[in-house]
Amino acid sequence: EALVGRVAAPDFLEDVARRGAYLIEGLKALDSAHFLDIRGRGLMLGIDLDLPANDLVTQGYQHGLLLVNAGASTLRLVPPLIITESEIDTLIDRLSQSLAALG
């Protein structure tokens with residue numbers, strides 16, 4: 001009950017939306033040729049890729065990321081609702097390294 005109350009609080013949801021927008025900005029700043037589309041709501045995002053998502057999932061693991069695919073060429077990002085901007089910056093940096101390793 002306490003969890004539902006906290007997650008449903010307008011200020012919490014506004015903060016989640018703000019950090020979701022920050023994450024999308026960071027992904028767009030990567031300017032990856034492999035990203036075909038970024039979509040989603042809040043912090044739950046899907047990134048359509050021009051390469052097999054499993055390749056990026058595997059490479060992400062090598063760079064300390066736990067990623068999951070949502071289909072053959074879609075990467076699913078579902079970070080915790082309490083993720084900080086600093087942690088988002090780390091995610092973007094490691095995702096950039098993972099993409100660079102794929103060429």
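Predicted model: local features only at pLDDT ≥ 70, side-chain atom pairs only at ≥ 80, totals over all residues.

Mentor: Residues are numbered from 1 along each chain as its sequence is written, and side-chain values use heavy atoms, with hydrogens and water left out.

Trainee: What pattern does the protein chain follow along the sequence?

Mentor: The pattern is α-α-β-β-α-β-β-α. The protein chain has four helices and four strands. Helices are DSSP runs of H or I with at least four residues, strands are runs of E with at least two, and both are numbered from the N terminus.

Trainee: Why is α2 called roughly parallel to α4?

Mentor: The axes of α2 (residues 10-30) and α4 (residues 85-102) cross at roughly 25° and come within 10 Å. Angles under 35 degrees count as roughly parallel, over 145 as roughly antiparallel, 65 to 115 as roughly perpendicular and the rest as oblique. That makes α2 roughly parallel to α4. Axes are lines fitted to C-alpha atoms, for helices over the stretch in contact, and angles run from 0 to 180 degrees between N-to-C directions.

Trainee: Which residues of α2 and α4 meet?

Mentor: From α2, the residues include Tyr22, Leu23 and Leu27; from α4, they include Ile88, Leu91, Ile92 and Leu95. Contact means heavy atoms within 4.5 Å. By class, this contact has nine nonpolar, two polar and four charged residues. Ala, Val, Leu, Ile, Met, Phe, Trp, Tyr, Cys and Pro count as nonpolar, Asp, Glu, Lys and Arg as charged, and the others, Gly among them, as polar.

Trainee: Why is α3 called oblique to α4?

Mentor: α3 (residues 53-62) and α4 pack at an angle of about 120°, with axes 9 Å apart. That makes α3 oblique to α4. Asp55, Leu56, Gln59 and Gly60 in α3 meet Leu95, Ser98, Leu99, Ala101 and Leu102 in α4. Those residues divide into five nonpolar, three polar and one charged.

Trainee: How do you know whether Gln59 is buried or exposed?

Mentor: Take its relative accessible area, which is 19%. Buried means under 20%, exposed over 50%, partly exposed in between (1.4 Å probe, protein chains only). Gln59 is therefore buried. Gln59 is found in α3. Leaving out residues up to four places away in sequence, Gln59 touches Ser98, Ala101 and Leu102.

Trainee: What do the buried residues of α3 pack against?

Mentor: They pack against β2 (44-49), β3 (68-69), β4 (74-77) and α4. These residues are Ala53, Leu56, Val57, Gln59 and Gly60.

Trainee: What makes Leu23 a buried residue?

Mentor: Its relative accessible area is 0%, so Leu23 is buried. Leu23 lies in α2. Beyond neighbours within four places in sequence, Leu23 is in contact with Leu43, Leu45, Pro79, Ile88, Leu91 and Ile92. Leu23 and Leu45 are 22 residues apart in sequence and 9.3 Å apart in space, C-alpha to C-alpha.

Trainee: Why does Asp31 count as exposed?

Mentor: Its relative accessibility is 66%, so Asp31 counts as exposed. Asp31 is in the loop between α2 and β1 (35-41). Asp31 also has a positive phi of about 50° although it is not a glycine. Most residues other than glycine have a negative phi.

Trainee: How do you know that Ala72 is exposed?

Mentor: Ala72 has 68% relative accessibility, so it counts as exposed. Ala72 is found in the loop between β3 and β4. Not counting residues up to four places away in sequence, Ala72 touches Leu51, Pro52 and Ala53.
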